[in-house]
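Student: Could you take me closely through the salt bridges of this model, and say how the residues that form them are placed?

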Amino acid sequence: MEEKQNITLLSRQRAEISGVKEVGAFSDTGITLETTLGMLAIEGKGLKIESFSAEKGELYINGTFDGMYYFGKKTGEEKRGIFSKLLG
């Protein structure tokens, strides 16, 4: 079953993100998240984490958003890659 993640961006001023596993580094200009679909970087100005629920995997951020992008592999792909190298 494919894990899901949703990002809702409202007027480039508020983000509602589901599927968040962990909040990594954060400052008022950038936030790094581990999500169910991989690592997510958020860039902007005046970024503030309004709330984070680890149980629900929901994160709410306010500020001015300049960009969001995924990097690295999706969660779980790295493990499959290691096993395929050992077995193949």
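Tutor: In what follows, buried means under 20% relative accessible area, exposed means over 50%, and partly exposed lies in between, with a 1.4 Å probe and only protein chains considered. The model is a predicted one, in which local features need pLDDT of at least 70 and side-chain atom pairs count only at pLDDT 80 or more, while totals for chains, interfaces and linings use all residues. Residues are numbered from 1 along each chain as its sequence is written, and side-chain values use heavy atoms, with hydrogens and water left out.

The structure holds 4 salt bridges, a salt bridge being a side-chain nitrogen of Lys or Arg within 4 Å of a carboxyl oxygen of Asp or Glu. Glu50, which is partly exposed at a relative accessible area of 45%, pairs with Arg14, their closest N and O atoms being 2.5 Å apart. Because Glu50 lies in strand S5 (residues 38–53) and Arg14 in strand S2, this pair ties together parts 36 residues apart in sequence; strands here are DSSP runs of E with at least two residues, numbered from the N terminus. Arg14, partly exposed at 22%, also meets Glu16 in a salt bridge of 3.2 Å, N to O, and Glu16 is partly exposed at 27%.

Arg12 and Asp66 form a further salt bridge, at 3.1 Å from N to O. That pair links distant parts of the chain, 54 residues apart, with Arg12 in the loop between strand S1 (7–10) and strand S2 (14–17) and Asp66 in strand S6 (residues 58–71). Arg12 is partly exposed at 44%, and Asp66 is partly exposed at 43%.

Notes: Helix = DSSP H or I, 4+ residues; strand = E, 2+ residues; numbered from the N terminus.
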